[in-house]
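Keep the structure open while reading.

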Amino acid sequence: MLTPEEQEELMQLCWEYQYGNLSSRQAGRLEKLVLQSDSARDFFIQYSGMCANLEWEGIVDPGPLGRSTDYEPLPSGELKTIPEYLETKPSAPDRRKAVSAILAFSVCIFAAAFLLTSSLWQKENPRFLARVINTKNTTWSEGKPAWQPDDLLHVGDQIHLNSGIIELETITGAKMILKGVSHLTLVQADQFMLDEGNLFAHVPPQSQGLTVDTPTSRVVDLGTSFGLIVTPTRETEVHVLQGLVRFDLVNSSRETTITRDLTENTAVRVQADSRKMTRIISTPELFVQNIVPDQPRLIAHWKLNERKTSQTAHDSGDNLLHLNILNKQGQSPFTGCPAPQNITSAAGPFETQYHKLFRTLSDQEAALFDMRRFTIELWARNPNIRQQGDSDTLFHYRNTNLHSTSQFNLFTDDHSGTLGFGFLNSDNRYVSFQTKKNISWEQDRWYHIVFTYDANTAAPHDSIVTFTRTPEFSSRPDLQQTLTDIADITPLTPGGVLAIGGSTLTDISRHWGGDLSDVRFINGIPARYQRQQNSNSQ
């Protein structure tokens, strides 16, 4: 919908176009208006038709119809790349006054009709704002619309998604994908309200400015793609995957209080009752960017270190695999017996030692973890290097009813700095591997640990394992090694216990005595780690 100022500008540009006086900058502006607005396009077509009729009747010579300009039309994807500072060189037309008067009178009449039609059009219901492109495994809230491909969404329409994926295309060409429990309202063209859910948006140049409001904030895309999460408690995360995003905190009156420009590969989190933006790791796997089966998919994400709300925080993965807490005098999740060793020892005491985190996986939950090709990513900190145990477990799974040893174990020796993992192979035998480089842990420093495994790598190796340990704020890993010729890891058997930062044996001797945060299990290997893996295997 054109504003009065844009309508006046459009008439002036059409006049200049008719007489061939358009500069490159003006030509680009005219093309942008015509391609982005139906009313502008209709006006241009009718104006050109009127001039052609006048010429046909021999009343006026309407000029070269813009053919004197050296402007070459831009592809639609580059409409906003035209610099505003391009030099303009207008030249006054040398036309007879009578011709100008006739044409000006015709334009005025047509403009009046255009303004009247535009005013009436504004009072009608606006055209659709988005189209449903695709859906996958969707379920909907009771009594709410069950959207299907090719459905059109208008102002005020709402999406109440309980599970699955829905893909939308906005009227200007932006792509949006919602997954899981999500509630989205269409406000106006390229403006939406996300009350809860997980949203990915890819915004081409002609759609820049796409805005998504949340209960506490506003995200304005300045190109090219971002992800947005709003939890049931109104916690908000924004992840900039490409380009630039403006992130505003708003008060109860929807007035902006704080503004930040977020660049590519950055992310922030804001608690519902906080006015502070916290930097977090940008995680593209949190979002469905394309509905394809081989895309890396986040299975579980445990934040763990947010003590203000919960000792285990909450899980923000797709499947809500909440972890349980073993209290000081609780029962061992592996033996069902009391855990008397859950006391002060050489490995502590530390807060996380007293609250072991675990979950017994059901048949459905165990099947979520694809042990053929996966990534484990986490942050770990050692607050007291002098009191650490000999070997500490980070990520562990074991079914004590079927196996006497671990089905999978990711651990670190914090004295030597080596990383290691062990698992049951296809012969039901436990095997383990460790990195060769020894780097001691620094006290009270967070380290980013990434472990990838691929059982389907092409010959000559049937699998590749990549370890990375990177100090906080460092761009180069201080420990990185690729291991090859690794046997296949057996699938996780249902009924086993998944433990984060703890072991299945004595409950304490191999427990991670420090802090863990942002533990992620990803089916597949994200592109950023796949490139790292390939470079190390060459």
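The notes below cover a predicted model, starting with the sheet.

## The sheet

Six strands form an open sheet with antiparallel pairing. Their order is β12-β24-β15-β20-β21-β22. The edges are β12 (297–302) and β22, and each pairs on one side only. Direction ignored, neighbouring strands of this sheet are turned by 10 degrees against each other on average.

## The β21–β22 pair

Strand β21 covers residues 464–471. Six bridges join β21 to β22, and the two run antiparallel. Within this pairing, threonine 468 stands opposite glutamine 480 in β22. Strands of a sheet pair through backbone hydrogen bonds, either parallel or antiparallel.

## Aspartate 485

Strand β22 spans 479–484, and a loop links it to β23 (497–500). Aspartate 485 sits in that loop. Its phi is near 55 degrees, a positive value in a residue other than glycine. Aspartate 485 has a relative accessible area of 52%. That is over the 50% cut-off, so aspartate 485 counts as exposed.

## Aspartate 518

Aspartate 518 lies within a strand, β24 (residues 515–523). In the sheet order, β24 stands between β12 and β15. Aspartate 518 is not a glycine, yet its phi is positive, at about 50 degrees.

Is aspartate 518 buried or exposed? Its relative accessible area is 8%. The cut-off for buried is under 20%, so aspartate 518 counts as buried.

Definitions and conventions
Residues numbered from 1 in each chain as written. Predicted model: local features only at pLDDT ≥ 70, side-chain atom pairs only at ≥ 80, totals over all residues. Heavy atoms only, no water. Helix = DSSP H or I, 4+ residues; strand = E, 2+ residues; numbered from the N terminus. Buried < 20%, exposed > 50% of the residue type's maximum accessible area, 1.4 Å probe, protein only. Pairing = 2+ DSSP bridges. Axes fitted to C-alpha atoms, helices over the stretch in contact; angles between N-to-C directions.
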